[in-house]
Amino acid sequence: MKALWWIKRDFRLSDNESLYTAVENCSEVLPFFCWEPCLISLADTSAFHLQAQWQALNGLRQSLNLRNSAVWEDYRDIEDALNKVYAIYPFQMLYSHQETGNLATFKRDKRVAQWCREKGVHWNEAVGSSVLRGGNADLRRVKLRQVDYRKQPVLPIPATFKFPCILSVRLPLLSWNDLATKITILKNRKISPDLQKINERNAWKTLDTFLSERGQGYSGGISSPNLAFTHGSRLSPHLAWGTISLRTVFSELQKRIKELQENSVRNGWLRSLRAFQSRLYWRDHFIQRLEAFPAMEEKPLNSAYENLEYENSNVMLEHWTNGNTGFPMIDACMRCLATTGFLNFRMRAMVVSFACYGLHLSWKTIHPPLAQLFLDYEPGIHMAQIQMQAGVIGFNTIRVYSPAKQFLDQDPAAVFVKKWIPELRDCTAVEIANIEKSMIKTYPKAIVDLGSKTKEMKDRIFAVRRSQVGKHETIKVLAKHGSRKKTTMDRKKEKTGQLSLFES
Ligand SMILES: Cc1cc2nc3c(=O)[nH]c(=O)nc-3n(C[C@H](O)[C@H](O)[C@H](O)COP(=O)(O)OP(=O)(O)OC[C@H]3O[C@@H](n4cnc5c(N)ncnc54)[C@H](O)[C@@H]3O)c2cc1C
């Protein structure tokens, strides 16, 4: 039987369920990747994401070449690309992983399912995560308790690769320059050296250095925008683009915890690794929300907040996106993102809370520009977190982060602010903390009265929260998307769990 292995956000050989099953079950397997113009032109796609995929694909191609296999790569809409392969290589099976993506990939997958039905091709979507499709929330919880993907043994790299003989010539690769001539957002754009390099080899290196060196300072370190670059695992873009599997990370983490326990190591390592593990669990929990509610890109999870009023000023949006708000901590974060594609959790939460509460920009308005800036853009986590930080989920504690307080707590010596805002390099930390009185000509004045704007938005949110509709809808959302069925004990535990997310 002939199979096509469709690579999408799973650029790896190791622990790859769809590749492994395809090789096990079929006589020939052709790896296939498609740059899809309809996805590339979306508002939540950026050059950062294309760079990550291009590097990941090249890494995969090199590994496949070593095993006498290659990748069929194309640039066109998916049905046309599939038709083109099918004409030369009429396959009976299509293998891919089950993707929980944005609305466009959701609709694209429906079109692919239709294409498969018309051609009589069987599409096998391997489940490479603990995110479950279909059923109600209770059923999913039971299933998860029975078989948790994260705790299953990892799959090895297939021993043989059954590349089709008729395609034995090396298939050409689209260079970065080739892509740049086809894709508008890449025009005149070089590979950005400040982004993490995304490929399978680097994913393993990142995991290795985290578990052996960097991870000791995880607890405490990840709240700081300075320290999180080193002490955070930095695995998020690798997990998002699939250059490593979540199961592999769990498995290596368990080995390391066991080793530390056996050697009775007591120097903060275990505390840090347990904190890391709890965050890994949150990953699929949030992606599951999008899987169960694909409209999340357009609607809040809690319909009571659907008509919440926002001003959505384009001028405010531009100031925020470009890091020119006059609030040093916010501007440093946005400029840091624009160069590195990374920010720690606390600072991400702060820039969202500032935009929604302070600038009255809707979570829907800020979603695409922020997604573009995150190298690790993972639709499920991203949308769930933006809605959560905007206060429109209903059952989370409302948190509004003060940029001034975060500056004092997380960057008291102004290292981060000075790094990203050259206009403030000659200022003292005290002057930066009192920026409104400092009269620095080259740096913008605050674009809003943050206190009064925040109070206005909080009042609007609390009005919905206290309303009958608000209470009613929140109970429904909690039952469908909360982490488990509630008991008093569970509530206490959940409170700690949710808070730990905010404290990270
Ligand atoms: C507004 C907002 C948007 C976000 N968007 C994304 C996104 O698009 N992609 C993304 O991977 N993370 C997102 N996060 C979660 C978190 O900020 C990042 O996962 C983390 O900062 C990445 O750094 P790390 O890999 O060093 O994480 P670590 O702290 O080392 O955590 C390990 C892994 O656990 C997962 N994880 C960590 N925190 C969370 C969380 N709160 N929810 C779900 N999973 C988590 C990630 O896969 C991460 O790589 C967002 C957070 C906020 C507040």
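Me: Which residues touch the most other members of the largest nonpolar core?
Reply: Trp-5, Phe-32, Cys-333 and Val-417 do, in a core of 118 residues. A nonpolar core here is a set of buried Ala, Val, Leu, Ile, Met, Phe, Trp, Tyr and Cys residues joined through C-beta atoms within 7 Å. This is a predicted model: local features need pLDDT of at least 70, side-chain atom pairs count only at pLDDT 80 or more, and totals for chains, interfaces and linings use all residues. Residues are numbered from 1 along each chain as its sequence is written.

Me: Where does the largest share of this core come from?
Reply: Helix α16 (residues 345–358) supplies it, with 9 residues. Helices are DSSP runs (H or I, at least four residues), numbered from the N terminus.

Me: OK, other topic. At what angle do α13 and α18 pack?
Reply: About 85°, with the axes of α13 (residues 269–292) and α18 (residues 379–390) 7 Å apart. Axes are lines fitted to C-alpha atoms over the stretch in contact, and angles run from 0 to 180 degrees between N-to-C directions. So α13 is roughly perpendicular to α18 (65 to 115 degrees).

Me: Which residues of α18 make the contact?
Reply: Pro-379, Gly-380, Ile-381, Met-383, Ala-384 and Gln-385, against residues of α13 including Phe-286 and Leu-290. Contact is C-beta atoms, placed from the backbone, within 7 Å.

How values were computed:
Helices (H or I, at least four residues) and strands (E, at least two) are DSSP runs, numbered from the N terminus. Angles under 35 degrees count as roughly parallel, over 145 as roughly antiparallel, 65 to 115 as roughly perpendicular and the rest as oblique. Two residues are in contact if their C-beta atoms, placed from the backbone, lie within 7 Å. A residue is buried if 20 or more other C-beta atoms lie within 10 Å of its own, exposed if 12 or fewer, and partly exposed in between; C-beta atoms are placed from the backbone.
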